[in-house]
Amino acid sequence: QVQLVESGGGLVQAGGSLRLSCAASGSISDNNVMGWYRQAPGKQRELVAAIHSSDSTNYADSVKGRFTISRDSAKNTVYLQMNSLKPEDTAVYLCNVKTWRLWNKYEYWGQGTQVTVSS
């Protein structure tokens with residue numbers, strides 16, 4: 001069983017920065033994607049950024065150029081560096097891990113961390 005523990009959320013003024021971390025415990029296969037989603041009140045959950053075990057990345061258009069996702073595979077940890085934050089970035093940020101073994105897909109979610117950006 002994989003457990004995800006997030007940290008790094010908080011309150012920041014517009015234009016500020018935050019760094020989120022998500023550490024995965026348990027066994028994760030070499031073929032995996034670690035990512036961050038966010039969900040604001042009354043809105044659907046959306047992908048923010050993801051990074052494959054090959055280090056290829058994917059970003060939502062709304063965060064390109066401002067957010068950077070990275071990973072430390074040896075520690076099973078994924079990071080999200082968020083710069084130039086805007087009030088519309090306010091949401092609960094959730095860590096997500098997808099992993100594949102023998103054609104079976106497994107997906108895990110963290111409990112979420114609140115990010116609030118004041119104007």
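The legends below describe close-up views of a predicted model. In this predicted model, local features need pLDDT of at least 70 and side-chain atom pairs count only at pLDDT 80 or more, while totals for chains, interfaces and linings use all residues. Residues are numbered from 1 along each chain as its sequence is written, and side-chain values use heavy atoms, with hydrogens and water left out.

View 1. Strands of a sheet pair through backbone hydrogen bonds, either parallel or antiparallel. Here four strands form an open sheet in the order 1-3-8-7, with antiparallel pairing; strands are DSSP runs (E, at least two residues) numbered from the N terminus, and two of them pair if DSSP finds at least two bridges between them. Strand 1 (3-7) and strand 7 (67-72) stand at the edges with a single partner strand each, so one side of each is left without a neighbour in the sheet. From one strand to the next, the twist averages 15°, where the axes are lines fitted to C-alpha atoms and angles run from 0 to 180 degrees between N-to-C directions. Strand 1 and strand 3 (residues 18-25) run antiparallel and are joined by five bridges, and E6 has C22 in strand 3 as its bridge partner.

**View 2. The hairpin of strands 9 and 10.** Strand 9 (residues 91-101) pairs with strand 10 (residues 104-109) in the antiparallel sense, over six bridges. The two strands form a hairpin with two residues between them, and L102 in the turn has a positive phi of about 50°. Within this pairing, V97 stands opposite Y108 in strand 10.

View 3. A search of the whole structure finds one aromatic pair. Because Y37 lies in strand 4 (residues 32-39) and W109 in strand 10, the pair ties together parts that are 72 residues apart in sequence. Y37 is buried at a relative accessible area of 17%, whereas W109 is partly exposed at 34% (buried means under 20% relative accessible area, exposed over 50% and partly exposed in between, with a 1.4 Å probe and protein chains only). R45 lies over the face of W109 at 4.5 Å from the ring centre, and R19 lies over the face of Y79 at 4.1 Å from the ring centre; a charge sits over a ring if NZ of Lys or CZ of Arg is within 6 Å of the ring centre and within 35 degrees of the ring normal.

View 4. D89, which is buried at 0%, meets R38 at 3.0 Å, N to O, and R66 at 2.8 Å, N to O. D89 lies in the loop between strand 8 and strand 9 and R66 in the loop between strand 6 (57-59) and strand 7, so their pair ties together parts that are 23 residues apart in sequence. R66 also counts as buried, at 11% relative accessibility. Through shared partners, salt bridges join R38, E46, R66 and D89 into one network.

Note on methods
Rings of Phe, Tyr and Trp (its six-membered ring) pair if their centres lie within 6.5 Å; planes under 30 degrees apart count as stacked, over 60 as edge-to-face and the rest as tilted. A salt bridge is a side-chain nitrogen of Lys or Arg within 4 Å of a carboxyl oxygen of Asp or Glu.
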